[in-house]
Structures are given as structure tokens and as C-alpha cells.
Amino acid sequence: MDGLKLLLAGGALLLGAAIYGIVSEEEKNARRRWEKKRDEVTNTLKYHHKKISEHIRQRNENYRFHQLVNLHYSSVLKANAAYKLLQDARTSIGSINKMLKTAKEQKIKLQKMIDDAKIKNDRESVSKLIHELRLLNEFRNKLFDERDDLYAQKDHLYNEVKKLNAETRKLKEHIRDNCGERGRLWYEKLEERKMRNRIGFVC
């Protein structure tokens, strides 16, 4: 959530800080994890996708069973880690939606206060409240931009996970078809484990 602190600079500081204050510590931690790990996890997924593709294309070479099994295992772990990180993105989007809801409520209150001040012909209060409303709208616009960026980042990582999952499934079948009896037995055991343990992600 550190990225949102940057939105609190300037005249919108007090309004933004009050709205930012509704975000829980857990939500802030989720955002920090997302910002810290997003690029690293995306690059790792791309690396594994590339390595699997290379192994599958090299059909004429002698295959090393343990090397391919280790690559499969590593790819599953990386995909699982990415799925967990995607949850941090969803949590971060949820916290922004919560702030947007609070900001909208504050906007309605300010508009009512402006209307009341106009009825009383209190020009000083009207001017001050309009200024606060302008700052609040600026803050809301930044939150909308931040949310759009998060959606795009989340979708990008999710697509990378889907690509890796597809390649990992191909690798699993490749091990079955190209690593002799060991490959077939390994594949069968993996499928049996999948049937016993439907909870969680096993590729």
C-alpha cells in the first residue's frame, strides 16, 4: 500500500490521510507484498515457461528424467506462489474500492455542506468547502487511476500463470511419453495424487 501514500502529497494530504486511515494493516501489507514481488514473480514465470518450451522442442536429445521432473516440480511451486500473490492484488483492489466508497460518502457530505452554506449566504464557507471538494475529487481520480493500474498488473500476472500452467501440463505429458517406464510411473502417481487431493493446485 506504500504506493498509495504517494497520492497523499500536496493539498489533499489531510483528506487523503483520513480516507487512507480506513485501510487495515493486513491490506497495507498485501499491497506492499504485491509491489515488492510482482516483477520478480512475473519474470520467474516467464523463465520457467521458456525453459519448459525449450525442453519440449528438443525431442531428439536424450532426456534426463530427474532434470525434467525437477523442472516440473519447480514450475508448479512458482505457479502456486503466483496464485498467492494474485490474492494480494485482489486485496489491494478491494482496499482501494473501500477508500473510493468512503471518498464518495465524503463527497456527498461536502456537497450538502456547500448547499447549506449557499442557503446561509456564507461565501467564505462555500469557497473553503469547494476547495476541499476539488481536492477530494483529485484524490478520487488518483485512486481510480491506481485501481486501473492494479487491474492491469493483476491481469498480466494471471495470464503469465495460465501460460506456465499450459506449458507445465505439456511437460508432464512429455515426461510420460519420452522418459520410458520411469516417466509413465511418475505420471500415473502424479495423477493418482491429484485425484486424492483436489484441494490446492497440482499441475
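Q: Is Glu26 buried or exposed, by relative accessibility?
A: This is a predicted model, where local features need pLDDT of at least 70, side-chain atom pairs count only at pLDDT 80 or more, and totals for chains, interfaces and linings use all residues. Residues are numbered from 1 along each chain as its sequence is written, and side-chain values use heavy atoms, with hydrogens and water left out. Buried means under 20% relative accessible area, exposed over 50%, partly exposed in between (1.4 Å probe, protein chains only). Glu26 has 63% relative accessibility, so it counts as exposed.

Q: How far is the C-alpha atom of Glu26 from that of Asp88?
A: Glu26 sits in helix 3. Along the chain, 62 residues separate Glu26 and Asp88. Their C-alpha atoms are separated by 9.7 Å.

Q: What span does helix 4 reach from its first C-alpha to its last?
A: Helix 4 covers residues 65-119, which is 55 residues. The expected span is 1.5 Å times one less than the number of residues. That expectation is 81 Å, and the model is close to it at 81 Å.

Q: How much space lies in the largest pocket?
A: On a 1 Å grid over the protein atoms alone, a pocket is an open set of points where a 1.4 Å probe fits, with protein on both sides within 12 Å along at least five of seven lines. Points join across faces, edges and corners, and volume is the space filled by probe spheres set on them. The largest pocket holds about 230 Å³.

Q: Which helix supplies the largest share of the lining of the largest pocket?
A: Lining residues have an atom within 4 Å of a point; among them are Arg33, Lys37, Lys84 and Asp88. Helix 3 (25-57) and helix 4 each supply at least two. The largest share is six residues, from helix 3.

Key. Helix = DSSP H or I, 4+ residues; strand = E, 2+ residues; numbered from the N terminus.
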